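This report describes the layout of one protein chain and some of the contacts that hold between its parts. Please look over the sequence and the structure before reading on.

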Amino acid sequence: MEAAPAPAAAETQHRHGGCLSVKTFMPPGPVARCSSQAAGSSDQASCGSPRWIGKSLSCVCIKRKGAYERICVNLTPVQEQRLQRLRHRMKVYFDHSRRDHQEALRALWYATYPDQELQGLVSEQWKDMGWQGRDPSTDFRGAGFISLENLLFFAKTFSASFQRLLQKQCGNRATWEYPFAVAGVNITFMIMQMLDLQSTKPRTFVKAVFVQMLSEDEWAFDLLYCVAFLVMDKQWVEKNASYMDFNEILKSTRAQLERELLLDDVMRIEDMPSYRLLC
C-alpha cells in the first residue's frame, strides 16, 4: 500500500550517524521517507512514496509522539537474526513423514477439540475444523508449516477468541461460511506477502515498522496473525459476506492491518487498535 503524497510543510533536520532524520511539522498522516539528497540542505528534505525505500536510502524516519524514531535499512544484529529465523520458518514445507510435524498436527487437534479423540491424521474429523478434505496436510501447500504453527499459537494463546471464530459465534453468519482452517492458511500467506518477507531488507514502510516490532518481540508475526484473523472475521460479519467474497475480505483485511501498523502510537502489535478484539 503506497502512501499519499505528503503536503508541503516546514521541516528541520538532524543527523544521527550515517542516517538523516527529518522532523516534519504537519498533521499526522502517511509516513514520509527521508532522502539522502536532503543532506546538503538545512531547510529542505525530500519526502515521497514508500516504493523508494531501498533505493539509495539509509533509513526510514518516523515521527512518533513528538520524538524521532529511525528504522534503518541496515538491520541491527537482532533484527537480522530474527528476520532470518522467520524466513526460515516460511521455507519449511509441511512433511507428513516428519514426526515433529505429525505431533504439531495432533497438538492442533487437541488444542481445538480437547475432549474429542482424534481417529487419525487422515480422517473425516478434520473437515469439522474447516479443512477441505480428510488429509489436512494437502492444504498447507500454499503457506507451509508456519501456517500450522500460526493456528496452533492462536489456539493455545487466545483460546477463547480461537473457539469463538471456529464456532462462528459472532454476528449474523452467512449460509456459505468460510472454512476456518483453510482461511487461517490464507491469512498466513497474506501476511507474508504484506510484509514482503522474502526480501532481505525493508522495501516498504509496513515491513520497516514490523522489523522494529520483531526486534522487540520475537512472536510479533504470530501475534499479528491472531489480530488479522479477528479483523478478517469482523469484516466478514459487517459486510454480510459469503464464501465467494473471501478474497475481497482478505484484501480489505490487509488494508486495515497496514493502516494500523502505520499509526503514530503503534509501537508493538499490542498497540494496534484491533488487538483489543482478542481475548
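Helices, of at least four residues, and strands, of at least two, are DSSP runs numbered from the N terminus. Counted in this way, the chain has eight helices and four strands. The model is a predicted one.

**Overall layout**

Read from the N terminus, the order of the elements is β-β-β-β-α-α-α-α-α-α-α-α. The chain has 279 residues, and 50% of them are buried. Of the contacts between residues at least 6 apart in sequence, 63% join residues at least 24 apart.

**Salt bridges**

Side chains of opposite charge can pair when their charged atoms come close. In this chain the number of salt bridges is 12.

| Pair | Closest N and O atoms |
|---|---|
| Arg89 and Glu149 | 3.1 Å |
| Asp100 and Arg98 | 2.7 Å |
| Lys234 and Glu238 | 2.5 Å |

Arg89 and Glu149 form a salt bridge at 3.1 Å. This pair links distant parts of the chain, as Arg89 lies in helix 1 (residues 77-91) and Glu149 in helix 3 (residues 145-157), 60 residues apart. Are these two residues buried or exposed, or in between? Arg89 has a relative accessible area of 16%, and it counts as buried because the cut-off is under 20%. Glu149, at 27% relative accessibility, is partly exposed. Both residues also belong to a network of salt bridges, in which they are linked with Asp222.

An α-helix has 3.6 residues a turn, so residues three or four places apart point the same way. Lys234 is partly exposed, with 38% relative accessibility. Glu238 has 55% relative accessibility and counts as exposed, because the cut-off for that class is over 50%.

**Helix 5 and helix 8**

Helix 5 (residues 180-194) packs with helix 8 (residues 246-261) at an angle of about 45°, and their axes are 11 Å apart. Angles under 35 degrees count as roughly parallel and those of 65 to 115 as roughly perpendicular, and the two helices are therefore oblique to each other. Their crossing is right-handed. On the side of helix 5, the contact is made by Ala183, Asn186, Ile187, Met190, Gln193 and Met194. Helix 8 contributes Phe246, Leu250, Thr253, Arg254, Leu257, Glu258 and Leu261. Which classes of residue make up this contact? There are eight nonpolar, three polar and two charged residues.

**Helix 4**

Helix 4 covers residues 159-166, and its buried residues include Ser161, Phe162, Arg164, Leu165 and Leu166. Which elements cover the buried residues of helix 4? Among them are helix 2 (99-112), helix 3, helix 5 and helix 7. Just after helix 4 comes Lys168, which takes a positive phi of about 55°.

Methods: Residues numbered from 1 in each chain as written. Predicted model: local features only at pLDDT ≥ 70, side-chain atom pairs only at ≥ 80, totals over all residues. Heavy atoms only, no water. Salt bridge = Lys/Arg side-chain N within 4 Å of Asp/Glu carboxyl O. Buried < 20%, exposed > 50% of the residue type's maximum accessible area, 1.4 Å probe, protein only. Axes fitted to C-alpha atoms, helices over the stretch in contact; angles between N-to-C directions. Parallel < 35°, antiparallel > 145°, perpendicular 65-115°, else oblique. Left-handed = near helix turned anticlockwise from the far one by under 90°. Contact = heavy atoms within 4.5 Å. Nonpolar A, V, L, I, M, F, W, Y, C, P; charged D, E, K, R; others polar.
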